[in-house]
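Colleague: I am new to this structure. Could you take me through it?

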Amino acid sequence: MDRLVDRSERARAAITDVAYTAFSTGAAAGVGAHAPGLDLMTNVLQAYSDAVGGDAAAIYEHVRDGWTTPWFILPADVWPKMPHTRLPTRQAATIHPGIRHALDAAPTGPFTITDLMPQRVWINSELGRAMKPDWGSSLQLMAPIASKRRSPVCRVWVLCRYSTDFSIGDREVALALQPLLTAVTRHYVKSAERELPADAAGLITEREAAVLRLLLAGNRPMAIANQLGISVRTVDKHLERTYRKFNVHDRHMLAHVLNHEISGNAVVQPS
C-alpha cells in the first residue's frame, strides 16, 4: 500500500513540475506572441525526462507513407550518435518495433520496447546492434500522442535508458503526464501551422517561410533540417537571408518584429 502511495505522490509531483514548466515557458513567450512555441517543447521534454528518468529523450513524428522525423532530441550531443535520423516511415517501422506498434496498434498508453519483445532479442536486432556502442541496451519508453482516428500522422514522446528498464512506477508517471504531453504537442503543432503575416510572407521565399515557421515554433536548425530534408548549412543560409531582409540578427528580434511591427508596416524592405 505504501508503495502505491509513493507512486501516486511521484505522479502528482511530476504533473506539477511539468505543468509549471509548460506554463512558465509559455508565459515567458508573452501572451499573444507570434512565437509561443519558442523553447516550449525542449523545456517540457527535459522536465518529462527528469520526472520519469531518462538518459536521453526525443519527440518523433511518423507519417504513414511519408517520413519518420525527430522533432527534438535531448541532450544536444545525442544527435551525432543517432544511427538513423530521418527515414521513410515504412523503412523505420521495419527496423524499430516501437514505431511499428505505434502505427499498427494505435496504443493509447505508454509502452516499452520490452513489452514488445524480450530485451535480448531487441539488443541483438539490426537496430539494437547499431545503437549498442553509444546507447548500451537502448531501453525505451514511448508515450503516443492521441490523434484523430485513422490519422496518417503519429507523434510519440520517447525516453531512453542505456542500461536499466522502466519500472511500473515510471510507466505510471508517464501515463499521468500523457494528457499534458498531448496538450503541449497540439499547441506546438498549431503554432507551427500558423500563417505568417501577409506583409512578412511577401518579403521572403516559400522555402524561407517554411524554415521561419519551424524556427518560430521552437525548432533548432538541426530539427528544421531533418523535418525539411535539407542540410543544416542550407537552413542557416535561409535564416541569414531572412534576418537580413527584416534587418534583425536573431530569432528573438525577428519574433519581436513579427509580433509588434508588421501591422504597422515597420518592416525594413529588402534592398
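**Rings and strands**

Modeller: Ring pairs join Trp71, Phe72 and Tyr188 into a cluster; rings of Phe, Tyr and Trp (its six-membered ring) pair if their centres lie within 6.5 Å, with planes under 30 degrees apart counted as stacked, over 60 as edge-to-face and the rest as tilted. This is a predicted model, where local features need pLDDT of at least 70, side-chain atom pairs count only at pLDDT 80 or more, and totals for chains, interfaces and linings use all residues. Residues are numbered from 1 along each chain as its sequence is written, and side-chain values use heavy atoms, leaving out hydrogens and water.

Colleague: How many aromatic pairs does the structure hold, and what kind is the pair of Tyr48 and Trp157?

Modeller: The structure holds four aromatic pairs. The ring centres of Tyr48 and Trp157 are 6.0 Å apart and their planes stand at 85 degrees, so this pair is edge-to-face.

Colleague: How many residues apart are Tyr48 and Trp157?

Modeller: Helices (H or I, at least four residues) and strands (E, at least two) are DSSP runs, numbered from the N terminus. Tyr48 lies in helix H2 (residues 40-52) and Trp157 in strand S6 (residues 153-161), so the pair links distant parts of the chain, 109 residues apart.

Colleague: Which residue in S2 is the bridge partner of Tyr60?

Modeller: Strands S1 (residues 56-63) and S2 run antiparallel, joined by six bridges; two strands pair if DSSP finds at least two bridges between them. In S2, the partner of Tyr60 is Pro70.
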